[in-house]
Amino acid sequence: VVEASSLSWGTRIKGFIACFAIGILCSLLGTLLLWVPRKGLHLFAVFYTFGNIASIGSCVLHLPCVLPFGGITRDLHLSSAFCSLWH
């Protein structure tokens, strides 16, 4: 599986960390912008949605890295999905 992809393992891990950090940052920023008068709800919707999409993207980058590990794949899949959806 890893040989079939064009991204190396290190690049995928860096992408996972970057997407996850951007996802958390956007979600927190959206929550803080909720209290802005008039446009707060719209800003919240945009930033929170983008944060969730970035977090799900980080899970997509992380999963191909752990697939070759066989028996622990299920545990790592659940943990990466939990990390992405938890925040």
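Student: Is arginine 38 buried or exposed?
Tutor: Arginine 38 counts as exposed, because its relative accessibility is 83% and the cut-off for exposed is over 50%. Keep in mind that this is a predicted model.

Student: Okay, and where does arginine 38 lie?
Tutor: Arginine 38 sits in the loop between H1 and H2.

Student: What about phi of arginine 38?
Tutor: Phi there is near 70 degrees. That's a positive value in a residue other than glycine.

Student: Where's tryptophan 35, then?
Tutor: Tryptophan 35 is in the loop between helix H1, which spans 9-33, and helix H2, which spans 40-66.

Student: Buried or exposed, that tryptophan 35?
Tutor: Exposed: the relative accessibility of tryptophan 35 is 70%.

Student: Which residues form a nonpolar patch on the surface?
Tutor: Trp35 does, with Leu34 and Leu41. Together they have about 380 Å² of accessible area.

Student: Let's zoom out. How many helices and strands does the protein have?
Tutor: There are three helices and zero strands, so from the N terminus on you read α-α-α.

Student: How much of the protein is buried?
Tutor: Buried residues make up 26% of the 87 residues. As for the surface, the protein exposes about 6100 Å², and carbon and sulfur atoms supply 77% of that area.

Student: What does the UniProt annotation cover?
Tutor: The UniProt record, an unreviewed entry, has "transmembrane region" over residues 15-36 and 43-63. Such annotations may be inferred rather than shown by experiment.

Student: And what does the chain look like over residues 15-36?
Tutor: That stretch is 86% helix and 0% strand. Its end C-alpha atoms are 31 Å apart.

Student: Switching topic: how many disulfides?
Tutor: The count comes to zero disulfides. A disulfide is a covalent bond between the sulfur atoms of two cysteines.

Student: So what about cysteine 19 and its accessible area?
Tutor: Cysteine 19 is partly exposed, because its relative accessible area is 23%. Cysteine 26 has a relative accessible area of 10%, so cysteine 26 is buried; the cut-off for buried is under 20%.

Student: Which residues is phenylalanine 47 in contact with?
Tutor: Leaving aside neighbours within four places in sequence, phenylalanine 47 is in contact with Cys26, Ser27, Leu29, Gly30 and Leu33.

Student: Where is phenylalanine 47 placed?
Tutor: Phenylalanine 47 is in helix H2. It is partly exposed, with a relative accessible area of 26%.

Student: How far is phenylalanine 47 from glycine 23 in space?
Tutor: They are 9.0 Å apart, C-alpha to C-alpha, and 24 residues apart in sequence.

Student: And isoleucine 53 to cysteine 19?
Tutor: That pair is 34 residues apart in sequence and 9.1 Å apart in space, again C-alpha to C-alpha. Isoleucine 53 is found in helix H2, and at 54% relative accessibility it counts as exposed.

Student: What about asparagine 52 and isoleucine 22?
Tutor: Those two are 30 residues apart in sequence, with their C-alpha atoms 9.5 Å apart in space. Asparagine 52 is also placed in helix H2 and counts as partly exposed, at 29% relative accessibility.

Student: Last one: what share of the contacts with a separation of 6 or more comes from residues 24 or more positions apart?
Tutor: They account for 64% of those contacts in the protein.

Conventions. Residues numbered from 1 in each chain as written. Predicted model: local features only at pLDDT ≥ 70, side-chain atom pairs only at ≥ 80, totals over all residues. Heavy atoms only, no water. Patch = residues over 30% accessible without salt bridge, like charges linked within 9 Å, V, L, I, M, F, W, Y side chains within 5 Å. Areas by Shrake-Rupley, 256 points an atom, 1.4 Å probe, with all protein chains shown as cover. Salt bridge = Lys/Arg side-chain N within 4 Å of Asp/Glu carboxyl O. Helix = DSSP H or I, 4+ residues; strand = E, 2+ residues; numbered from the N terminus. Buried < 20%, exposed > 50% of the residue type's maximum accessible area, 1.4 Å probe, protein only. Disulfide = S-S within 2.5 Å. Contact = heavy atoms within 4.5 Å.
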